[in-house]
Amino acid sequence: MALERSDVEKIAHLARLGLDEADLPRTTDALNSILGLVDQMQAVDTTGIEPLAHPLEASQRLRADVVTESNQRDRYQAIAPATDSGLYLVPKVIE
Amino acid sequence: MQWEVVIGLEIHTQLATQSKIFSGSATTFGSEPNTQASLIDLGMPGVLPVLNQEAVRMACMFGLAIDAEIGQHNVFARKNYFYPDLPKGYQISQMELPIVGKGHLDIALEDGTVKRIGITRAHLEEDAGKSLHEDFAGSSGIDLNRAGTPLLEIVSEPEMRSAKEAVAYVKAIHALVRYLGICDGNMAEGSLRCDCNVSIRPKGQAEFGTRCEIKNVNSFRFIERAINSEVQRQIELIEDGGKVIQETRLYDPNKDETRSMRSKEEANDYRYFPDPDLLPVVIESAYLDDLRATLPELPPQKVERFQSQYGLSAYDANVLASSREQAEYFEKVAAIGGDAKLAANWVMVELGSLLNKLGVEIDQAPVTAEQLGGMLLRIRDNTISGKIAKTVFEAMANGEGDADQIIKDKDLIVESDSGVIEKILDEVLAANAEQLEQYRAADEAKRGKMFGFFVGQAMRASKGKADPQQVNQLLKSKLEG
Amino acid sequence: MHQLTLAEIARGLADKSFSAEELTRALLQRIHQLDPQLNSFISVTDELAISQAKAADARRAAGENGALLGAPIAHKDLFCTQGVRTSCGSKMLDSFTAPYDATVVAKLAEAGAVTLGKTNMDEFAMGSANESSHYGAVKNPWNLEHVPGGSSGGSAAAVAARLLPAATGTDTGGSIRQPAALTSLTGLKPTYGRVSRWGMIAYASSLDQGGPMARTAEDCALLLQGMAGFDPKDSTSIDEPVPDYSTSLNGSLQGLRIGLPKEYFGAGLDPRIADLVQASVKELEKLGAVIKEISLPNMQHAIPAYYVIAPAEASSNLSRFDGVRFGYRCENPKDLTDLYKRSRGEGFGSEVQRRIMVGTYALSAGYYDAYYLKAQKIRRLIKNDFMAAFEGVDVILGPTTPNLAWKIGAKNADPVAAYLEDVYTITANLAGLPGLSMPAGFVDGLPVGVQLLAPYFQEGRLLNVAHQYQQVTDWHTRAPNGF
């Protein structure tokens with residue numbers, strides 16, 4: 001299942017990765033190489049096998065419904081690239 | 001062409017937990033931006049989610065109340081997309097294995113019939129933050145206070161056939177979640193949000209038409225108008241030879257029309273997969289049994305019981321049962337006052353308009369159920385008349401004390417001494433000799449109104465305290481005699 | 001002082017041969033002097049270290065005496081250290097000062113450990129050579145032209161060069177064990193859920209585990225003791241009591257059943273490594289162990305399965321790096337999409353971008369079943385193989401890597417070439433089992449490691465076998481020339 005350049009562009013867009021035009025061929029080759037490795041899985045017979053999501057198959061622990069956090073805005077926003085009046089700034093979003 | 005409308009609703013309810021679904025941040029509405037956004041809510045590197053037990057309980061309560069299968073092994077999944085109000089770049093939601101499976105809810109239609117609407121599933125997920133577009137030239141501001149608030153997304157089957165049915169369904173969900181105490185239902189604050197999936201098809205066709213989703217409609221009125229305008233749009237589109245494109249739309253209440261939303265996730269490939277930071281949630285049957293025992297009496301049963309137990313009309317029963325607090329208030333008043341119909345009337349009419357005027361809910365009523373019930377007792381034992389009772393009620397609302405206190409302080413006790421009343425009547429008749437002559441001369445039909453005149457005069461003379469029944473009786477005999 | 005192990009340091013501090021402050025200053029000086037040759041540190045935290053050392057000395061003076069009180073260590077630079085840069089070896093987090101401590105960091109600080117700095121690593125833990133770091137490649141102290149392994153290459157090189165006695169690492173597909181093998185160290189990946197992942201910046205959530213890297217099993221036991229334990233902030237943390245790893249070191253290996261998977265000794269393994277592995281087996285037999293041949297039939301499918309699961313989880317875990325709330329942000333983004341694409345395109349290196357794309361593809365509509373779900377099924381087959389094997393043996397032994405440390409740059413042409421080096425280590429991550437690598441000799445001056453695997457929560461058994469082996473061999477005592 002070889003990827004075309006246009007497939008790579010679509011994937012990069014889904015992942016919001018800005019790829020250089022110049023890099024596209026090399027990236028496409030590299031991805032195809034990896035997918036070639038991965039496609040070896042198809043030879044394995046997994047009929048009747050349940051997927052294993054967590055190695056130790058435990059179940060989720062629940063926590064009590066208590067407020068444990070306090071306002072740390074100044075501290076957390078000290079490392080933010082762009083804020084104003086306590087809000088995080090991004091280029092204007094049009095809906 | 002006869003068109004049939006097909007509507008399915010996805011309702012997002014914010015669960016009324018103290019803390020968020022995966023973090024210990026507060027969920028209070030309206031706080032300063034980003035003051036309730038912890039490391040986890042901000043999606044900082046290295047943070048991990050831990051599930052709030054109350055969110056699980058609330059979801060299960062809902063499932064039990066709609067008679068649904070509970071997902072006793074349910075799994076959280078990541079819904080991946082990029083948007084600034086979604087800090088991790090994915091929303092933790094549930095996909096293949098939700099906490100609540102198939103159930104149903106009965107809704108009361110306008111013609112009095114009951115329709116059963118299927119509910120496909122309900123699942124837990126985290127809410128996103130908010131984007132503020134207005135204040136920053138060229139930039140949007142992101143507030144993540146809301147990010148991580150627990151949501152229960154309730155998905156209906158596409159079984160509604162009109163905007164009115166859709167509204168009835170939303171109202172029923174709204175009442176139910178408030179009854180269960182799992183959501184405050186405040187649509188203006190976004191505690192309950194509705195996405196409407198609307199399509200049309202020729203009557204008799206089995207296949208569904210292409211649907212559009214109208215997102216985030218936040219009032220019952222807008223839901224009805226949005227659906228109707230969308231239906232209209234689709235009909236016109238098709239009748240003009242066009243095709244409905246599947247898309248997401250927003251309702252504009254000013255223009256009363258829906259418009260296409262510039263999609264925030266254009267190629268909607270969410271790449272769902274089970275969240276590896278969370279383990280499957282296991283819900284034991286014993287837990288569900290214990291929970292079931294804590295279910296309150298639900299709206300349909302209450303409405304039924306109000307009719308059979310108290311002899312109320314279906315309409316009155318529905319109004320009084322529309323909220324749990326109101327139903328409880330009414331029953332308390334009825335129990336103390338001893339007359340359900342009287343109680344129903346006072347709660348719905350007098351109390352109802354007072355609450356309306358003050359703009360508060362019944363849980364903040366200035367007159368308690370005990371007070372109101374106590375006052376009804378005084379009406380029933382003829383201490384005061386129904387008319388005087390309104391004065392007493394107003395005084396109670398003003399904080400002037402209980403009914404008995406007010407009656408005493410304001411000297412409102414009904415005058416029932418027949419001697420006193422007779423004397424008043426004699427004075428009234430003497431003072432109004434001309435009208436008396438006219439009465440004697442008039443025929444049966446005209447007498448009714450004149451009779452009322454004398455009654456009015458007598459009531460005024462007694463400052464409203466005269467027992468109306470006795471006034472009527474004694475006046476009658478005087479006039480006949 | 002730089003020759004001392006953690007255990008020797010603990011004794012030295014206890015009998016006041018030196019203070020934590022003296023030791024710390026000496027090691028800091030050594031780091032500044034020698035690390036330019038290795039590039040094993042991203043940040044050296046002189047001030048923090050000295051203040052922690054002083055505090056440890058004060059606690060000791062007040063009567064405390066823990067094994068880690070005053071112990072000099074370093075943290076792989078994906079453990080969040082409050083107030084200190086935590087970069088994950090990436091330009092994306094070059095400017096990121098962590099606002100909190102990872103649980104591992106907090107626990108070790110509580111025990112009195114002294115943090116000398118943050119070690120270099122493959123970017124976001126994706127790599128087996130430590131060549132993909134934004135801060136440049138790390139050199140193997142045994143041969144500066146060769147890779148030290150990865151992704152915990154910085155921790156490995158620093159400890160192997162005796163810049164400090166021990167460091168934390170993380171292991172998702174072998175990133176503790178493989179660099180340990182290539183630099184002649186003892187490194188342990190605990191059972192999944194043994195060590196808290198809170199504050200351990202995620203690569204592949206269902207595979208990542210933090211663990212100790214040191215020169216001896218005894219030291220690994222000490223460091224693991226300080227790292228392990230249930231953490232309610234990590235939903236995948238297992239509430240299992242932590243045994244005293246130091247006491248388990250001394251058990252006899254008499255009757256220990258060691259399994260050798262026949263699939264391990266096939267065509268891809270360098271025969272000189274195979275010889276050293278066989279030699280180590282002989283040593284263990286002399287100590288009373290019994291050897292059995294076993295089979296792990298699905299082992300060959302592990303690499304493709306891993307290279308779906310890990311990138312898939314990573315592609316999602318790394319979505320939060322978007323230039324909005326922390327980290328790298330591109331200049332003058334013209335709109336939201338531009339902000340995302342350029343911040344991520346410029347902030348992430350090429351290996352990270354490749355793996356994000358593979359992962360995105362594997363999860364995308366139409367491919368989920370064939371890739372992600374298929375990989376999870378193979379994962380169960382691999383776990384089943386181990387469960388069956390452990391019914392007849394107590395540990396599984398084999399080479400840690402199929403080849404020696406390669407030359408820097410040698411595997412850059414094809415990304416898959418490096419992936420194939422993970423063949424022995426990856427299965428333990430997929431199954432969640434604990435694994436350890438210990439020094440077992442040298443070929444052409446380059447170290448060779450032997451790997452031991454045990455059932456869940458049997459870290460003590462691994463440390464026991466390694467410690468007993470280290471009583472009768474001296475590979476672990478050798479130091480690289482010039483260090």
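Author: The largest cavity has a volume of about 150 Å³. A cavity here is a set of points on a 1 Å grid over the protein atoms alone where a 1.4 Å probe fits but cannot get out, and lining residues have an atom within 4 Å of a point. Grid points are joined across faces, edges and corners, and the volume is the space filled by probe spheres set on the points. This is a predicted model, where local features need pLDDT of at least 70 and side-chain atom pairs count only at pLDDT 80 or more, while totals for chains, interfaces and linings use all residues. Residues are numbered from 1 along each chain as its sequence is written, chains are lettered from A and ligands numbered from 1 in the order written, and side-chain values use heavy atoms, without hydrogens and water.

Reader: Which residues are the closest to the centre of that largest cavity?

Author: I40(B), D41(B), K88(B), I92(B) and E126(B), out of 18 lining residues. The lining divides into 11 nonpolar, 1 polar and 6 charged.

Reader: How many cavities of 30 Å³ or more are there?

Author: The count comes to 7.

Reader: New topic. Which residues touch the most other members in the largest nonpolar core?

Author: F124(C) and L463(C), in a core of 168 residues. Such a core is a set of buried Ala, Val, Leu, Ile, Met, Phe, Trp, Tyr and Cys residues joined through side-chain atoms within 4.5 Å; buried means under 20% relative accessible area (1.4 Å probe, protein chains only).

Reader: And the domains of chain B, what are their bounds?

Author: Domain 1 is 3-290, domain 2 is 297-409 and domain 3 is 418-480, with bounds from an automatic or database domain assignment. The centres of domain 2 and domain 3 of chain B, taken over C-alpha atoms, are 33 Å apart.

Methods. Buried < 20%, exposed > 50% of the residue type's maximum accessible area, 1.4 Å probe, protein only. 1 Å grid on protein atoms, 1.4 Å probe; cavity = no way out; pocket = protein on both sides within 12 Å on 5 of 7 lines; lining within 4 Å. Nonpolar A, V, L, I, M, F, W, Y, C, P; charged D, E, K, R; others polar.
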